[in-house]
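Here is a friendly briefing to read alongside the model. Please have the sequence and the structure open as you go.

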Amino acid sequence: MAGDVDATFERLKRLVAEARLADVEESTSYGNPALKVAGKSFVAIKNAETIVISISLDDKDHLLEMAPDIYFQTDHYVGWPYLPVRAAMIGDEELRLRLIGAWLRRAPKKLAARFGHQPRL
């Protein structure tokens, strides 16, 4: 099980590097591996099967409707701007896009602007 978590964390780090997201630091969130920007977690691993990303509530509702095989919600996340993702079900391209969105959401405005986008509020 720990090997799966490690492999998933390596996958997240690889995709973040490929996306050229700046100032990303390895950390933890509630004792689980996480990636942060400016001290704010934008993605964390909940367990061997689940990644949790930062996301706007509007985007969250859209993804839950669009791809329930990939994205899901538990009572814990209702009303919060975080979305559980089935790690084995999401492809690298889509996960990279979600990581970029999560990073933009949590990055300081000046840093996000250097990436070429404005963060969503």
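Let's start inside the sheet: N47 has T50 as its bridge partner in strand 4. This is a predicted model, in which local features need pLDDT of at least 70 and side-chain atom pairs count only at pLDDT 80 or more, while totals for chains, interfaces and linings use all residues. Residues are numbered from 1 along each chain as its sequence is written, and side-chain values use heavy atoms, with hydrogens and water left out.

**Strand 3 and strand 4**
- Strand 3 (residues 40-47) and strand 4 (residues 50-54) run antiparallel and are joined by four bridges; strands here are DSSP runs of E, at least two residues long, and helices are runs of H or I, at least four, numbered from the N terminus.
- The two strands form a hairpin with two residues between them.
- Further along this pair, A44 stands opposite V52 in strand 4.

- Five strands make an open sheet in the order 1-2-3-4-5, with antiparallel pairing; two strands count as paired if DSSP finds at least two bridges between them.
- Strand 1 (24-29) and strand 5 (82-86) each have a single partner strand, so these edge strands are left with one side that has no neighbour in the sheet.
- From one strand to the next, the twist averages 25 degrees; axes are lines fitted to C-alpha atoms, for helices over the stretch in contact, and angles run from 0 to 180 degrees between N-to-C directions.
- Helix 3 (residues 92-106) packs on the sheet and touches strand 1, strand 2 (32-37), strand 3, strand 4 and strand 5, where contact means heavy atoms within 4.5 Å.
- The direction of helix 3 makes about 135 degrees with that of strand 3.

**The other hairpins**
- Strand 1 and strand 2 pair in the antiparallel sense over six bridges, and T28 has P33 in strand 2 as its bridge partner.
- These two strands form a hairpin with two residues between them, and Y30 in the turn has a positive phi of about 55 degrees.
- Strand 2 and strand 3 also run antiparallel, joined by four bridges, with K36 opposite S41 in strand 3.
- Their hairpin has two residues between the strands, and A38 takes a positive phi near 55 degrees.

**F72 in its loop**
- F72 lies in the loop between helix 2 (57-66) and strand 5.
- Leaving aside residues up to four places away in sequence, F72 touches T50, L64, L83, P84, V85 and R86.
- F72 and D61 are eleven residues apart along the chain, and their C-alpha atoms are separated by 9.8 Å.

**Confidence**
- The protein chain averages a pLDDT of 92, and 93% of the residues score at least 70; pLDDT is the predictor's confidence in each residue, from 0 to 100.
- Confidence in the protein chain is highest in strand 4, at a mean of 98, and lowest in helix 4 (residues 109-115), at 89.
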